Amino acid sequence: MAVFTPQNFMDSEKGLLHTSQAEIQKFLDEQKQGMSLAAKVPLPKAVNAPVGANVINMAAKVANQTMVANQTMAAKDLSFMGWYNSHASGRGIWKWSNALDAYDRHFAGLSGYEVNMAEVGVQSGGSILMWEAVIGKKCHVYGLDINPACTKFSNTQTTIAIGDQAEPAMWKHLFDNVVNKGELDILVDDGGHEPHQMLTTLAEVFYRLTPGGFIALEDIHGQHYVPSFFTPAANYLGYMAEKGDVESIHVYPYLLVVRKSGENKRFPGTPVQFASDSTVVPDFEKLWEAMKKNYGGAVVLKNEDWGPFLTAQGLTNFFAHFADLHAYDYYATPTGCEHTAAAVCCNTINNSPTQTLIKGIHIFNDRMVAEVNAMPPVIKADRKGTEWISYSGEFIQSGGMI
Ligand SMILES: C[S@@+](CC[C@H](N)C(=O)[O-])C[C@H]1O[C@@H](n2cnc3c(N)ncnc32)[C@H](O)[C@@H]1O
């Protein structure tokens, strides 16, 4: 299997070139295996009337998880989800609910600290307002967009850079000349979402992040991203992990979050918390079996004979096995609104069995944790705000076409 360094990775114009037919076949086999094991597990159901001890047990687990989440967020006033849901007018923002959930989990603990964060793709500017409101006044946002109309969002707390995320030279310029001392703690990629753009961004940004920093890649819609994006990403991240640079990898529907190893000098480590009574299993078959007894909890996969999990091969297998987390079957309400700038517009996912069952997987060097939903999740992207910049740069008040 090809191994990537940031240098040789950039020599290929597209990460896809490194995915051989044999690797694609292996991915398809692994995905099939994951799907067939998922199909055997009875799915959690929306609970109307509690029945018996199992439900009480499940409710206790959910309460426990909520408590853990609240402890992480105790020091701050706002959550990403809370800010988003109350953003009724002004600069537009459109994000998936489960991504906001993940940001509350990974980033809310950084609230109040000095954080340098960047977002690729700022479009209408609403997301900049969210990062700055929730992380706080000491958060400086670097917004990168290919659209020059976005420069209007520059101010003392926000720097806008115009460029193409698929250009390695643009990243060098950004780190050398734009980001304060080149110290970037978080990068969120909500730009063009093409595999080669995301791969270039990952390879150009991750190794330059500060210790304990994060990269999050959004809107990875569809299982086809596993061979085109996740497999080359596994090679790159496996290489970085071998050097000791990867702390953990978190896969949620349509979202990949990677945390870099090491202690950040400006903010504390905020390890992700799981239910304390998680079941431990030695293989995939037992992992799926254990899920039906752990709705609302977590199942830990641990097997010392498998060696470290954060390797190119290990990551390739995990990404393929859980490919159906990225199944993309949605409906828009009202119908067709996703192609307009209507203020009221919501895309909602028809969950695949894997999305119904699993909230996310978390890969560490010595274990993988699968978080099991207590009940089927509602994964939705509810458009917020009233002012939009179109892809062509034109300003739109709510009602026109994006
Ligand atoms: C989905 S929108 C971003 C939405 C915003 N982050 C939010 O949360 O509401 C995508 C943005 O990515 C920008 N974009 C597309 N391709 C890009 C590229 N190659 N480099 C940089 N930005 C890009 C577009 O101009 C657009 O503003």
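These questions and answers explain the terms used for this predicted model.

The model is predicted, so local features need pLDDT of at least 70, side-chain atom pairs count only at pLDDT 80 or more, and totals for chains, interfaces and linings use all residues. Residues are numbered from 1 along each chain as its sequence is written.

Q: What makes E4 and E5 a pair of strands?
A: Strands are DSSP runs of E, at least two residues long, just as helices are runs of H or I of at least four, numbered from the N terminus. Two strands pair if DSSP finds at least two bridges between them. Strand E4 (residues 186–189) and strand E5 (residues 214–217) have four bridges, so they count as paired. They run parallel. Asp189 stands opposite Leu217 in E5.

Q: Why are E3 and E8 called edge strands?
A: The open sheet of eleven strands has the order E3-E2-E1-E4-E5-E7-E6-E12-E13-E9-E8. Its pairing is mixed. Strand E3 (158–162) and strand E8 (279–281) each pair on one side only. The twist averages 15° from one strand to the next.

Q: How do you know that E11 and E14 pair?
A: Strand E11 (residues 346–349) and E14 share three bridges, in the antiparallel sense. Pairing asks for at least two, so they pass. Cys346 stands opposite Asp382 in E14. The open sheet here has three strands, in the order E10-E11-E14. Its edge strands are E10 (330–333) and E14 (380–382).

Q: What does the angle of about 165° between H6 and E2 describe?
A: Axes are lines fitted to C-alpha atoms, for helices over the stretch in contact, and angles run from 0 to 180 degrees between N-to-C directions. Helix H6 (residues 126–135) runs at about 165° to strand E2 (139–145). H6 also lies across E1 (115–120) and E3.

Q: What makes a residue a contact of Leu237?
A: Two residues are in contact if their C-beta atoms, placed from the backbone, lie within 7 Å. Leu237 touches Val246, Ile249, Val258 and Leu315, not counting residues up to four places away in sequence.

Q: Which residues come nearest the ligand, and what counts as near?
A: A residue is near if its C-beta atom, placed from the backbone, lies within 6 Å of the molecule. The shell has 22 residues, and Gly121, Gln123, Ser127, Gln165 and Gly192 come nearest. E1, H6 and E2 are the elements that give two or more residues to the shell.
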